[in-house]
Amino acid sequence: MRKMMVALAVLAMAGSASAADGGGIKGSGSYGTAGCGLGSMAFGNQKGAIQILAATTNGLFGTQTFGITSGTSNCGESVVGLSGTKTFIEANRDALAKDMSRGSGETIAALSHLAGCADSKAVGAKLQQSFQAVFPEQSISDEAVSANVISTLKTDKSLSCGALG
Amino acid sequence: MRRLLLPLLAALALPTGARAAGLDYAEELVSAARTSGLARDRQWLRLGHWRPRAVGGYESEADGPAFFLSPRGKTDPEAELVATLRGFFAPEPKDPARQHPQCQFPARLAFLARRLGIDPSRLPARRCEKLERFWARTQARGVTLVFSSYFLDNPASAFGHTFLRLDKGEEGGGGERAELLDQGVNYAATTDGGNAILYAVKGLTGLYKGEFTALPYFYKVREYADYESRDIWEYDLALEPDEVAMLVAHVWELGSTWFDYYYLSENCSYHVLGALEAASPRLDLLSRLGPVVLPAATVQALYQNPGLVKRVRFRPSVRAQFARRAAALDPAALDAVEAVAADPAAPLPEGLSPERRAAVLDAALDLFDVRHARALVEGKDGVGELRQRLLARRSAVPVQSAPLTVPPPPQGGPERGHGAARLGVGAGESSQDGSYVALSYRAALHDLLDPPAGFSPGSQLEFLVTDLRWETEHRRLRLEDFSLVDVVSTNPLDRFDRRVSWHMRAGASTVRDGGCRECLAGRFDLGGGPALVGAGGAVTAQLAADSELAAAPSLQGAFGSGVRLGVGPTATLRLLGGERLATQASAGLRFLPFARPDTIWELAAETRLHLGPASIALAWRKTPLDVEGQLSVLFFR
């Protein structure tokens with residue numbers, strides 16, 4: 001009987017371990033505020049545990065947000081100018097932070113385009129220097145991050161980021 | 001009252017005479033369309049997603065009623081064409097949530113205008129503000145089909161996924177295309193948060209709605225390449241400017257409907273090709289697909305239209321980016337990467353140049369993101385702070401990293417993959433049953449000994465595998481083995497990647513030990529353990545702690561029941577000789593508590609020689625009561 005129990009326990013543990021690996025993720029519920037960040041787009045206001053699997057197949061992002069004719073999200077716009085730049089920064093916050101620390105990368109190139117800056121290499125160097133000013137602490141909101149990035153780009157006239165107004 | 005007023009005002013905007021003349025013109029166009037049989041035109045049928053029915057006639061795959069202006073539209077392409085033509089001349093709809101037909105169906109309008117020579121000045125002018133906004137947002141100049149690679153950790157993505165990208169053709173600051181800003185067009189099921197079994201049943205039987213959505217490409221890159229660490233393949237299509245415009249217009253039309261979602265057939269990949277075909281009547285895509293549609297097969301369908309794919313790009317996952325960065329570092333630097341990824345304040349080796357310090361920190365950043373991707377998106381406590389400190393440390397090194405170029409993996413993209421279905425014919429000899437003829441069929445997709453081109457190394461995913469034997473001496477047909485699903489995920493263990501490899505199988509096997517007299521037992525197998533991969537992927541050695549649950553009425557299971565549980569180790573060695581040769585040998589031992597016999601074992605070896613469309617397989621297996629050998633030919637389709 002003991003042997004059997006051990007065997008069953010092993011199987012049960014193997015089963016639950018694989019279930020835990022198997023695509024289940026938990027939303028922290030900390031994305032309740034509106035925004036275009038990945039977490040808020042994926043989990044919205046849902047609290048507690050949800051599963052990607054249950055959210056949608058082959059995409060974290062639901063149809064309510066990005067419906068073609070009915071979309072309610074302004075995060076679908078990635079157009080040149082101030083609002084497009086804001087959206088982009090918020091949605092790509094983590095990737096942009098990494099590229100900023102490195103002073104180069106795809107998100108910096110895209111950001112330079114949206115903001116109408118002359119030279120993305122110069123933008124990369126500037127943002128790398130300004131990393132602490134843009135991200136003074138981790139808990140800073142997405143909106144504050146985008147405001148900091150935009151003011152950094154606007155303040156340095158040599159970057160001539162013309163689309164920021 | 002207001003409701004009545006609006007359409008009235010709209011109608012009054014046209015003088016009565018002009019309106020009557022418009023209606024005459026509409027009828028003129030209707031009769032011209034009828035005479036020329038335009039409703040049977042290939043592109044019209046594609047725009048409405050009508051397919052011939054087995055019983056005759058047509059039926060549209062679109063299931064949202066708003067997609068049809070005629071009540072008979074779903075099954076009658078001509079009625080819908082007539083209703084569409086008349087709709088273009090109709091007053092503004094009463095319901096403000098509905099669009100005017102000119103605005104709702106821009107691709108139909110373009111098609112009919114071209115084919116019937118509609119004079120635009122004789123159409124009542126309508127403002128389509130929402131459509132214009134969508135048009136401005138996409139600014140499409142080109143189209144790319146995007147394939148995100150197999151992801152075994154999520155059943156919904158195990159076969160990969162495809163979607164479209166509408167390319168703006170704009171340049172980023174550095175001269176590179178700013179692809180992140182392009183618009184992605186995704187088709188996916190809208191699921192409702194049920195449990196996994198319900199999900200599977202609904203997914204297979206069309207109970208979920210599938211809908212098209214449009215979202216910036218960067219969301220997809222963040223989701224797939226960063227969050228799920230899946231490599232992405234991008235196929236730029238050689239479409240004419242009018243075909244690109246037609247596609248955008250048709251995607252808009254699809255936005256107002258849904259399709260019943262079938263996981264195996266009418267899935268994401270199917271409807272993406274359907275949209276492409278509707279925009280470009282010269283293409284033949286859906287006809288290249290089998291009854292089960294896999295994303296990789298839709299990529300291959302592109303290639304069957306010569307010249308359609310004009311460029312392929314590989315977009316590495318964060319895991320692949322890390323591997324590339326790590327490959328450029330010496331052992332001492334790799335130690336530092338490990339240390340810094342665990343503790344952002346860990347010291348770096350003395351005397352490193354700023355460039356080397358930047359390289360170590362760049363690799364550590366990617367490693368951190370690989371390890372904590374989920375925790376970061378979920379906002380788990382502490383993880384973001386650690387990352388912040390690591391980023392701050394990197395930013396303090398005044399070196400701008402050079403762009404990282406990651407070459408595509410040697411096995412290539414999904415276009416190089418073998419067909420998912422596999423038919424095997426062979427002959428064998430069993431010590432228990434004598435000689436036999438073997439016949440096997442697999443619905444999908446790939447096992448570890450199949451031709452490796454185009455598939456992720458070490459990943460196996462098989463669906464509906466049946467092995468039949470005709471025993472020539474006993475003149476008896478036997479179901480030797482059946483797998484509903486069989487998954488193997490091999491994660492090579494190295495200093496940075498400590499994920500265990502695992503496998504899972506559900507199916508049935510013939511019992512070849514003393515447990516019963518060659519009965520067929522239902523089986524569930526689950527196990528895992530470390531795997532080592534060497535010699536550039538040519539050698540894989542794996543040790544696993546395995547469990548198997550077997551049940552059959554005649555099985556001498558635990559406590560006299562028909563169910564037994566086996567636990568024990570399996571050792572596996574796999575050798576690959578380029579893309580031509582694959583060999584695997586394994587030895588497994590299982591303890592069966594309270595069952596008879598109480599111990600079983602199995603030794604097995606198989607080698608396959610790949611000769612293009614077919615492979616030759618030689619297999620040998622020894623079990624407590626049986627030794628057998630088999631030679632067969634495998635065909636992929």
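Residues are numbered from 1 along each chain as its sequence is written, and chains are lettered from A and ligands numbered from 1 in the order in which they are written. In this predicted model, local features need pLDDT of at least 70, side-chain atom pairs count only at pLDDT 80 or more, and totals for chains, interfaces and linings use all residues, while side-chain values use heavy atoms, with hydrogens and water left out.

The model has an ipTM of 0.86 and a pTM of 0.87. Where pLDDT is low, the predicted coordinates should not be read in detail.

Chain A contains 10 helices and 2 strands, elements defined as DSSP runs (H or I of at least four residues for helices, E of at least two for strands) and numbered from the N terminus. Their order along the sequence of chain A is α-β-α-β-α-α-α-α-α-α-α-α. Of the 165 residues in chain A, 53% are buried, where buried means under 20% relative accessible area, exposed over 50% and partly exposed in between (1.4 Å probe, protein chains only). Among contacts in chain A with a separation of 6 or more, 55% involve residues 24 or more positions apart.

Chain B has 16 helices and 22 strands, and 55% of its 637 residues count as buried. In chain B, 62% of the contacts between residues at least 6 apart in sequence join residues at least 24 apart. Along the principal axes, the C-alpha atoms of chain B fill a box of roughly 95 × 80 × 50 Å. An automatic or database domain assignment divides chain B into domain 1 (2–125), domain 2 (137–315), domain 3 (328–395) and domain 4 (417–636). The C-alpha centres of domain 1 and domain 3 of chain B are 60 Å apart.

An open sheet of chain B consists of 7 strands in the order β8-β6-β5-β4-β3-β7-β9, with antiparallel pairing; two strands pair if DSSP finds at least two bridges between them. Its edge strands, β8 (259–261) and β9 (309–315) of chain B, each pair on one side only. From one strand to the next, the twist averages 35°. Within chain B, β5 (residues 183–190) and β6 (residues 208–216) are joined in the antiparallel sense by 8 bridges. B:Ala188 has B:Glu211 of β6(B) as its bridge partner, and B:Val185 has B:Ala214 of β6(B). Of the 9 residues of β6(B), 7 are buried. Helix α12 (residues 295–303) of chain B lies across β3 (142–148), β4 (161–167), β7 (232–237) and β9 of chain B, at about 145° to β3(B); axes are lines fitted to C-alpha atoms, for helices over the stretch in contact, and angles run from 0 to 180 degrees between N-to-C directions.

Helix α16 (residues 383–395) of chain B has 13 residues and should span 18 Å at 1.5 Å a residue, which agrees with the 18 Å between its end C-alpha atoms; the expected span is 1.5 Å times one less than the number of residues. The buried residues of α16(B) include B:Val383, B:Arg387, B:Leu390 and B:Leu391. These buried residues of α16(B) pack against α6 (93–102), α8 (120–129) and α9 (131–134) of chain A, as well as α14 (331–342) and α15 (354–378) of chain B.

Technical notes:
Contact = heavy atoms within 4.5 Å.
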